[in-house]
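Hi,

Here is the structure I promised to pass on. Have a look at it first, then read my notes below.

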Amino acid sequence: MKAAFFMRHGGPEVLQYGDVPDPVAGPGEVLVDVHAASVNAADTKVRAGSYAPVSHFPYVLGRDFSGVVAALGEGVRDFKVGDPIFGVLEMGHEGAYAEKLKIKAAIVARKPDALPHAECAAIALAGLTALVSIEDTLELARGETILIQGGAGGVAGFAIQLAKHIGARVITTASAANHAYVRELGADQIIDYRTEDFTRKVSECDAVFDTVGGDVALKSFAVLRPGGRAAFIASGASAPPSPRTDVRAYRPNVGRDRHHLERIVAFVLSGAVRLPEIKRYPLSEAAAAHAVSEGRHLRGKLVLEVR
């Protein structure tokens, strides 16, 4: 099968396009003909070697996808060949940048007819991360105020809309070029991170959701009220240490399960959450998509079209 893969860690240029062995579905798994795969910030970090170094090559990246069931592993009863599905591969079991992948049947969901493959791929991991962070981890409640860092990104854009659906007041950071976009998503207050210091504009927040990392994550503690809480998804495997003893810091545990995927599409189909802007690349141009992703000024999502 054709895939985008790398043989060594490095910049976007190490990504190649070519043939790799086809996967085979094992017991409890489905084999999927992939139609679209999403590009996530984590993909670029795996490629660069910022996480634990990859020990086997060729290595095929990609966590979330949409496609069609091509074959059933032993014991799979809830799908049939030809069913459209989407999902997110488990940590350490990547491979969506390819024409085929295998995955546990229990952690995928049926793709709604109303949503094309590219759109389902775009919302899978972003929506899953936002749901787990906003609902399960921060337990955001109606009437609370939340600061969402990096509002124009895929995860943050979903989170803004989810927070508004819950009934919270939403503050976000974005460049001036993206102010109209995040305002349409529902942001009540927008801070231009290039010209304004958010710690001087915001205080007494009930919650912070940080998708940026680095100094932004560390400074985010300053805007919380006593007893506030913060969730971090761009600071590694754990939350950054809090300089305050009166607030709580979390690293959301973004597991994989069908229930959350079904909630994502329910939000989209009901109109509570709109689809992100999508920039599309053919699978053969995965390196170009990674270069855009690493620029960190993307609005919405990048999607690789496989079929």
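What percentage of the 307 residues of the protein chain count as buried? The answer is 55%. Keep in mind that this is a predicted model, so everything here is computed from it.

Let's start with the overall picture. The protein chain has eight helices and 16 strands. Its C-alpha trace spans about 55 × 40 × 35 Å along the principal axes. Does that go with a compact globule, or what would you expect the radius of gyration to be? For 307 residues, a compact globule would come out near 19 Å, and the protein chain has 19 Å, so the two agree.

Now for contacts and surface. If you take the contacts in the protein chain with a separation of 6 or more, 64% of them are between residues 24 or more positions apart. The accessible surface is about 12800 Å², and carbon and sulfur atoms make up 51% of that. As for charges, there are 35 positive and 35 negative ones, and their mean positions lie 2 Å apart.

Which strand is joined to β9 by four bridges? That is β10, residues 169-174, and the two run parallel. Find Ile 148 in your viewer and you'll see Thr 172 of β10 standing opposite.

Cheers

Notes
Residues are numbered from 1 along each chain as its sequence is written. This is a predicted model: local features need pLDDT of at least 70, side-chain atom pairs count only at pLDDT 80 or more; totals for chains, interfaces and linings use all residues. Side-chain values use heavy atoms; hydrogens and water are left out. The radius of gyration is taken over C-alpha atoms; the globule rule is 2.2 Å times the number of residues to the power 0.38. Buried means under 20% relative accessible area, exposed over 50%, partly exposed in between (1.4 Å probe, protein chains only). Contact means heavy atoms within 4.5 Å. Accessible areas come from the Shrake-Rupley method with a 1.4 Å probe; for residues, only the protein chains shown count as cover. Lys and Arg count as positive and Asp and Glu as negative; His and the chain ends are not counted. The place of a charge is taken as NZ of Lys, CZ of Arg, CG of Asp or CD of Glu. Two strands pair if DSSP finds at least two bridges between them.
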